[in-house]
Amino acid sequence: MTPEEPLLPPQPLPEHLWGDLWQFASLPAEDLEWRLWERPIPFREAAAIALPSQQNLSSTALVPGIVINAGRQAIGLSRWLSERKPKQISVANLELGAIILTTAQKERWILATYQDDAVREAGQGFEGRKGPSKGIHFLLIQPDDSGVTHAGLWILKDDRFWSDRQTNGSAQVV
């Protein structure tokens with residue numbers, strides 16, 4: 001992002017897209033790229049050169065992420081996200097904690113808010129794990145916690161970890 005292109009203030013996620021449950025998660029790089037990424041997921045996208053192997057991450061390196069169990073809204077939420085081109089997720093631990101999605105169009109969306117201290121600590125852990133994962137993180141949308149079906153997967157890279165020689169475009173894989 002360039003200084004002359006300010007981010008828009010975060011907006012609440014439209015209520016009709018809210019999921020049933022969300023959680024912070026971590027997956028070994030190998031599981032994210034070689035197991036989950038290879039599944040037949042209707043909506044999936046990875047930021048250019050953001051796959052763990054492209055960043056020379058160890059196969060056991062933990063990649064932080066957000067998992068949303070969206071119930072019947074899983075496909076609708078995934079379609080909505082795909083249209084907006086997710087770029088990165090960040091955690092704002094202010095008085096009210098929030099998970100913020102930034103899109104390629106400089107939009108920012110509040111995916112969830114929380115006040116619980118344990119969740120606040122988990123959010124700090126999410127942000128802290130971005131360093132060892134070279135900024136790579138993920139957003140996974142699924143209908144439930146069965147682990148059998150998934151509606152959307154985005155492998156993202158935090159802006160703070162892009163070097164000047166890299167581009168932050170994206171490559172869609174269907």
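Helices (DSSP runs of H or I, at least four residues) and strands (DSSP runs of E, at least two residues) are numbered from the N terminus. The structure is a predicted model, in which local features need pLDDT of at least 70 and side-chain atom pairs count only at pLDDT 80 or more, while totals for chains, interfaces and linings use all residues. Residues are numbered from 1 along each chain as its sequence is written, and side-chain values use heavy atoms, with hydrogens and water left out.

Confidence is expressed as pLDDT, the predictor's confidence in each residue, from 0 to 100. The mean pLDDT of the protein is 88, and 90% of its residues reach 70 or more. Among the elements, strand 4 has the highest mean pLDDT (97) and strand 10 (residues 170–172) the lowest (41). The pLDDT is below 50 over residues 164–174, a stretch that has 26 contacts in the model beyond near neighbours in sequence; contact means heavy atoms within 4.5 Å. Where pLDDT is low, the predicted coordinates should not be read in detail.

R120 lies in helix 3 (residues 117–129). This residue counts as buried because its relative accessibility is 15%; buried means under 20% relative accessible area, exposed over 50%, and partly exposed in between (1.4 Å probe, protein chains only). Helix 3 lies across strand 5, strand 6 and strand 7, and runs at about 135 degrees to strand 5. Such angles run from 0 to 180 degrees between N-to-C directions, the axes being lines fitted to C-alpha atoms, for helices over the stretch in contact. Between R120 and A98 the C-alpha to C-alpha distance is 9.0 Å, with a separation of 22 residues in sequence.

A98 stands opposite T113 in strand 7. Strand 6 and strand 7 pair in the antiparallel sense over six bridges, where pairing requires that DSSP finds at least two bridges between two strands. An open sheet of four strands has the order 1-7-6-5, with mixed pairing. Strand 1 (11–12) and strand 5 stand at its edges with a single partner strand each, so one side of each is left without a neighbour in the sheet.

A nonpolar core is a set of buried Ala, Val, Leu, Ile, Met, Phe, Trp, Tyr and Cys residues joined through side-chain atoms within 4.5 Å. The largest such core has 25 residues, of which I66, L77, L81, I89, I99, L139 and I141 touch the most other members. Helix 2 and strand 4 (62–69) are among the elements that each supply at least two residues of this core. Beyond its neighbours within four places in sequence, L81 is in contact with P86, L101, L139, I141 and W154.
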